[in-house]
Amino acid sequence: MLWFSSLALVAGCSLVHAQNDGDVSPPSYPSPWMRGGDGWQDAYTRAQEFVSQLTLLEKINLTTGVGWQGEPCMGNSGSIPRLGFAGLCLHDSPVGIRYADLSSLFPSGMNAAATWSRRLLEQRGYALGSEFKGKGVDVQLGPVGGALGRAPAAGRNWEGFSPDPILTGVGMAETIKGIQDAGVIANAKHYIVNEQERNRDPSWSENGTRIEAYSVNLDDQTIHELYLWPFADAVRAGVGSVMCSYNQINNSYGSQNSWTLNYLLKNELDFQGFVVSDWWSQHSGVASALAGLDMTMAGDQGLASGNSYWGANLTAAVLNGTVPQWRLDDMVTRIMSAYYKVGRDTARVPVNFNAWSNQTFGYLHPQASEGYQQINYHVNVQADHANLIREIGGASTVLLKNNGALPLSKPKSIAVIGDDAHDNPGGPNSCPEKGCNIGTLAVGWGSGVADFPYLISPNTALKAQAAADGTRYVNVSSNYDFAAVTNATIGTDAVIVFANANSGEGYLNVDGNQGDRNNLTLWANGDALIEHVASIHPNTIVVLHTVGAVLVEKFKQHPNITALLWAGLPGQESGNAITDILYGKRNPSAKSVFTWGKKREDWGTDVYYTPPSPRPQVNYREGVFIDYRHFDKQAIEPSYEFGFGLSYTTFEYSDLVITKSYAGSYEPNTGMTTAAPTFGEIDFNETSAAFPPGFHAVKLYVYPYLSGPAPRNGDNASWPQGSRDGTPQPKLAAGGSPGGNAKLYDVLYTVQATVTNTGEVEGTEIAQLYISLGGPNDPVTALRGFDDLLIAPGQSATFEVKLTRRDLSNWDTVSQNWVVSPHPKKVFVGRSSRDLVLEGALE
């Protein structure tokens, strides 16, 4: 029997077909309060003890950022001087410490995913967390599960992992484990369906009309089976914080969407950490608090505005009863539970850098130019992470084509061509926020970047290799001087051409691209450069540094292009990593984490560039069919499929074995929660909340103090029904434990296959398992498992995947639960999504 509340039934029915202009999500109140348990209990107990000591103003301080450039980090919560508790430091980025010296710049999330290695994903997370910890950061703003990658031209796809939810879910979970094992709170972002940069924020037209941020309109099944899936994995991994997105979801902003925050995240997924707004994505005060937001960043309403939706306004809302004490206490308890869960109380060191200045001395409060002191201590946190960065760079380089040209072995002469092979003449950090495309591309642009401690360009590394081998070496950096290029290639054994395509965050415009790419071609004349070289040299090797898919069919078919490689955004060891692959020091093992279409229209989804109305609507009518799922459904032949990648050796698959487990039946979660707890006493005397006599207020700094009488509570009926109800609530059938109902993770089948290295060199094969759920509206196949198997020549290894109930289920919008359909199910094992050589039925 399936159990569900009447609210869940109504909600599910209203979202079944939510893919059209004006569609809305149903309200879900009250905001679920934290319960502890499942790895959170000790942290929850300690947080309760801490929060019980706090005054109203101290609680408000922990929920509200102090404002842009108020203190050293990108985001800084208020402090509690009485208890010696410094405010929390929240800081970018997913690839390194933004605006900090003596720290590393790691390969992108997309590169990390292309390794298909849980070990490397976790090690990357741990190394990142270690560096953030060493600089005094409490919350690392990453990893990224949104953008997932619906549209290949979307600007921030590279910050995430893959358009496949399973691969992204593994990427998020392993990264989170690494970051938090290092003693730093991870932040899963951007929740949810943050799939493009254009129109992500409200804006104003030339005639003064306000244009809202775009609304993603999607149905309940799609959000569960595609976009929510990796966030469920993040919650199951114990992530301490989640960042909501700028956009609207079914016409409600992400920072105040009670369906996505209260119902899906905190109730169904049983998320026990805290929700923080993206910077200035908050659009309301009380409404966002009741809808499940726990912390606002940067704290001010707009960049350096000095006012806040929370701060003193939240103080007033609690004093006049609009926001109940239990909701405020839950916010603060969630924040402090995440703090204790990762051991910040013992791992914490004072912040020893300043994002707003690289000088040793400067202002503690840069926006106000106050508190001149030492602000940078120049702590080196790089350790030996360069080795890991180089390893991931090589392990993520996808060999797409090889007609025997690779690996190179002491050629007599080579030419290296293209701006992308060379250093930026101004240095790797010369463009603020990496907002240019000069020299080799090793990271995109925007808030998701960091400063390079150094950047090894391909030209530097290949020239060193050539010198060691006695190879004649010539290089040309221009993408336009074809005469120089022609002269350089004459008489060479091989020509290696580098080209790129860039993207990033929408607040920067680079070469006319406002975050999202305008097209899927190479930048800076890259296509013409490659075609010119291939027209004159029979051994043209092409290396692409791109933020995602570009159109490569002509390179695939060109007889003189003998090898084609995707190196992505490999970070600071870029040149060394690609040299390792080109010369066979490392056998290529990476597989593509996205599909390479032959033309832009092949993907079926795209960026929505120009809003036609003040309320832009982006309707996800494709449902779960993005990337390879769409290509398969429409029988479109790609240039290279999802999961494809070559090696310098060969592998064979055999001996598929399927073993059924008996895990018992699915048991929906039932019963009632406890009542909402409160911790400590609130002093409702407004005079206690006023600025203390003689208090010096830093300019534009956000404080919790009242500057006048608190407004009286207005009409109670104006607030959503049940939003302030702290009585016991019915539990959701699909909830009950982090990531959803615990029975979802029961193992129902174990699938094994034998993989044999039939070549002459050792290599790593990324074995992949896909499933057909069998229904008429299901994908042809969907990834459900993978492993990286290092196998010596002539040897075999066993590939094994344990399939859970979740892997075999569909989301049922009526019962608001996961259901295993009666349709026949099959598993497929092989090298890629379209090279599946073994198959078997799940009986």
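Q: On a 1 Å grid over the protein atoms alone, a cavity is a set of points where a 1.4 Å probe fits but cannot get out. How many cavities of 30 Å³ or more does this rule give?
A: This is a predicted model, in which local features need pLDDT of at least 70, side-chain atom pairs need pLDDT 80 or more, and totals for linings use all residues. Residues are numbered from 1 along each chain, and side-chain values use heavy atoms, without hydrogens or water. A volume is the space filled by probe spheres set on the grid points, joined across faces, edges and corners. With a threshold of 30 Å³, the count is ten.

Q: Which residues lie closest to the centre of the largest cavity?
A: The largest cavity holds about 180 Å³ of space. Its lining (residues with an atom within 4 Å of a point) has 18 residues. Closest to the centre are Pro428, Lys434, Cys436, Ile438 and Thr440.

Q: Which domains each give at least three residues to the lining of the second largest cavity?
A: The second largest cavity holds about 130 Å³. Its lining has 17 residues, with Gly149, Pro152, Asn157, Pro163 and Phe594 nearest its centre. Domain bounds come from an automatic or database assignment, and the two contributors are domain 1 (45–346 + 673–689) and domain 2 (390–594).

Q: Is serine 478 buried, exposed or partly exposed?
A: Let's find serine 478: its place is the loop between β15 (472–476) and α16 (482–489). Its relative accessible area is 26%. Buried means under 20% and exposed over 50% (1.4 Å probe, protein chains only), so serine 478 is partly exposed.

Q: Which residues beyond four places in sequence does serine 478 contact?
A: Contact means heavy atoms within 4.5 Å. Leaving aside neighbours within four places in sequence, serine 478 is in contact with Val485 and Leu529.

How values were computed:
Helix = DSSP H or I, 4+ residues; strand = E, 2+ residues; numbered from the N terminus. 1 Å grid on protein atoms, 1.4 Å probe; cavity = no way out; pocket = protein on both sides within 12 Å on 5 of 7 lines; lining within 4 Å.
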